[in-house]
Amino acid sequence: MEEMMKTTKAGEELVQAKMRREITKLDDEEQFRERGPLIVKEMLSVFPNSTYIKWKRRWIPNSLKDLIRIAKERECTSLVLVDTNHLGHDEICIVSLLNGAAAYFRIFNLIPREDIPDQATPPTRLDPYVRMARFASQAGLGLSRLIQSLFPKATHSRTNKPCQKNRAFFQYQDGFVFYRHHWLHSEKAALSEERPKHTRKEVGPRFQLLFKGVKKVSLDTGSLKLICMPPASHYDYPERQLMMPPL
């Protein structure tokens, strides 16, 4: 394979085309077996109070209907469906079990927690403080509400303020949702008159989501209806858009 890739540009294109054909030949179950468990594991770490339910796959009749029924029996308020499509693209779909709104995303540049340099682990009992940035458009506001619904609501009052040491950060930019998670660690000062030292460490995982569209899910039948999707130009993304914006 390496010798073929070193020959000519035309040879490289032939090799790449063959590789793409091989990918599309793979059974979807095989693709999910390779990356699915990793994505599920990381999504469980992102969204508090979440649990895993094995999905029979979307093309099986009544699959989504049965999944919605099971989720409601477990008193779930949302579903996060993890899938690998026939092109080998990793995707998630966030479904509200309150109104049936469903947003589809393609996952890019997933960095698992264990691969984060100097990774921190906040206390499991402390739910993250969620910060949303740049969800200003009409579609962005809808996505912001849908994502925030996956996290416990923080209590806001003068006497009981939400703890901001454990921060989950979502930022919307050019059709992408960027995600980071940090833990603000405080160390006691050596001298009593000095202020504590605060160090921000990343918890992970880190990833980007490309917004692909919104559908309406019938909570009774599991049927899907397309509501809106981005224009074709939305998918012509340059590499610069995949760079994580500064926090």
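Two strands count as paired if DSSP finds at least two bridges between them. In this predicted model, that criterion applies to strand β8 (residues 206-217), which is joined to strand β3 (residues 101-111) by 9 bridges in the antiparallel sense, and within β8 the residue Gly213 stands opposite Tyr104.

**Overall architecture**

- Read along the sequence, the elements follow the pattern α-α-α-α-β-β-β-β-α-β-β-β-β-β.
- Of the contacts between residues at least 6 apart in sequence, 59% join residues that are at least 24 apart.

**Burial and surface**

- The chain has 247 residues, of which 38% count as buried.

**Pairing of β8 with β6**

- Strand β6 (residues 176-187) pairs with β8 over 4 bridges, and the two run in the antiparallel sense.
- In β8, Phe207 is the residue that stands opposite Tyr179.

**Pairing of β8 with β9**

- Strand β9 (residues 224-228) is likewise antiparallel to β8, to which it is joined by 4 bridges, and Leu224 in β9 stands opposite Val217.
- The hairpin formed by β8 and β9 has 6 residues between the strands, and in this hairpin Gly222 takes a positive phi near 80 degrees.

**Side-chain orientation**

- In a regular strand the side chains alternate between the two faces of the sheet.

Conventions:
Residues numbered from 1 in each chain as written. Predicted model: local features only at pLDDT ≥ 70, side-chain atom pairs only at ≥ 80, totals over all residues. Heavy atoms only, no water. Buried < 20%, exposed > 50% of the residue type's maximum accessible area, 1.4 Å probe, protein only. Contact = heavy atoms within 4.5 Å.
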